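Work through the exercises below with the sequence and the structure open. Each task is followed by a solution in steps.

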Amino acid sequence: MNCPAPPPATVLVAFGTRPEAIKLAPVIAALERTAGLRCVVVSSGQHAELLAPFVRLFNLRVDHDLQAMRPGQSLNALFARILTDLDPLLEQHKPAAVLVQGDTTTAAAAAVAAFHRGIPVGHVEAGLRTGDLGSPFPEEANRRLIGRLARWHFAATRNHARTLLREGVPRSQVFRTGNPVVDALEWVVARGERSDRLRELLSNTAGLKRVAVTTHRRESFGGRLEANLRVLRRFVERHADTAVIFPVHPNPAVRELANAILGGVDRVHLTDPLDYPDFIGLLSEAWVIASDSGGVQEEAPSLGKPLFVLRESTERPEVLDTGLAKLCPTAEAFADLLDEAYRTDAAAKPTDNPFGDGRAGGRIARLMRRELGRCHTGGRPSPTVGADSRRESATRSAARLAAPTQMGAEATP
Ligand code: UDP
């Protein structure tokens, strides 16, 4: 006797910032293509200015935009607004699960909202920890909070999965999937699109060693950000065969410092933030990268680029293990390491990306389908902790990357 298929289960995906859009786009694409699941996408609008080009690029269908940002709003006000405004949507859609990513205020508030309504939470990029509750702030607290509330923990690496097990998360709830940022990066690299703006930047710096820079994190403010920018200025002034390209974050504090220290300096190019394909294009054409971003640490290994991590510590020690990245806890350390890279003529080096193999989105969608009982083969999946995703990586088809018209295509059941 044929049983009728159960109705699709609704997965509500919440995001609000640039990195969340990049990392959830492959997951949403895969969920959309997975039979038995229905996806509702909610944006909090936390990065109102930065988000729009990413929503367009990834063709994300935003079902609800909470527009939660207000000028000068405190973290508490933002958290409260998202919590309050998401609640009626949970009531309306009655999702079987809520999916959040990373460690933003949006992710933490959405997880709490779901928890209060008894809706299980899936956490993408689970298990990152610096061990210091105050750094990064408030992200370390957000990710620990989400880690307490989540039912499904999608960890990028073995190390992140182990962290969760050590914290007492049951093994059956931890899945090693890789980080979907690698899916997104491979997708844009294969498309190979570059805007006229990037072409012009590259032609103006042709033949020079390009240092690609991003720095905007709260912990870098104060003396360290300023000192790092001075290191870059001195470096480019001393070496006529180098250039700095710095897409400056819209945060006024960062803009002011960047203009004051680097504005008008020969071979320094300050630009507005770049769209994702251009930014990845810039990293691909860089000699070295200097950044305090989390996402860039996950992207640099795919491009094999030397990276200076402008932070006191990193919750992604795997990037240091590749040998490509160096931690720069102080401006002095950054200056020394940059000089050493120049002296030794540091070069790009192909490396396996420890954060993923470009198939995380499909894995997460398939796990959600099975966990929500929408898998016709039945039964619960065995958790993927310890499974060797490299094995799958080795057999990955090049054709998938050659014609990447749609993200998450391999998730089709
Ligand atoms: N990024 C971008 N354009 C830029 C600068 C960064 O597309 O001009 C991307 C970058 O590739 C990375 C993400 O934005 O994936 C990083 O965002 P952010 O630094 O805001 O957050 P974090 O990674 O530190 O969470």
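Predicted model: local features only at pLDDT ≥ 70, side-chain atom pairs only at ≥ 80, totals over all residues.

**Exercise 1.** Determine how helix 1 and helix 7 are oriented to each other, and which residues make their contact.

Solution. 
- Step 1: Helix 1 spans residues 18–32 and helix 7 spans residues 181–191; their axes come within 7 Å and cross at roughly 85°.
- Step 2: Angles of 65 to 115 degrees count as roughly perpendicular, so helix 1 is roughly perpendicular to helix 7.
- Step 3: On the side of helix 1 the contact is made by Ile-22, Lys-23, Ala-25 and Pro-26, and on the side of helix 7 by Val-181, Asp-183 and Ala-184.
- Step 4: Sorted by class, the residues of this contact are five nonpolar and two charged, with no polar ones.

**Exercise 2.** Describe the two assigned domains and the side of domain 1 that touches domain 2.

Solution. 
- Step 1: The domain assignment gives domain 1 as 9–180 + 358–411 and domain 2 as 194–343.
- Step 2: Taken over C-alpha atoms, the centres of domain 1 and domain 2 are 28 Å apart.
- Step 3: Domain 1 puts 16 residues into the contact, and domain 2 puts in 13 residues.
- Step 4: On the side of domain 1, the elements giving two or more residues are helix 1 and helix 2 (48–57). Helix 2 gives the most, with five residues.
- Step 5: This side of domain 1 has nine nonpolar, five polar and two charged residues.

**Exercise 3.** Decide whether Val-231 is buried or exposed, and list its contacts beyond four places in sequence.

Solution. 
- Step 1: Val-231 is found in helix 9, residues 223–238.
- Step 2: A residue is buried if 20 or more other C-beta atoms lie within 10 Å of its own. Val-231 has 25 within 10 Å, so Val-231 is buried.
- Step 3: Leaving aside neighbours within four places in sequence, Val-231 is in contact with Ala-331, Phe-334, Ala-335 and Leu-338.
- Step 4: Val-55 lies 176 residues from Val-231 in sequence and 35 Å from Val-231 in space, C-alpha to C-alpha.

Key: Residues numbered from 1 in each chain as written. Axes fitted to C-alpha atoms, helices over the stretch in contact; angles between N-to-C directions. Helix = DSSP H or I, 4+ residues; strand = E, 2+ residues; numbered from the N terminus. Parallel < 35°, antiparallel > 145°, perpendicular 65-115°, else oblique. Contact = placed C-beta atoms within 7 Å. Nonpolar A, V, L, I, M, F, W, Y, C, P; charged D, E, K, R; others polar. Domains from an automatic or database assignment. Buried ≥ 20, exposed ≤ 12 C-beta atoms within 10 Å, placed from the backbone.
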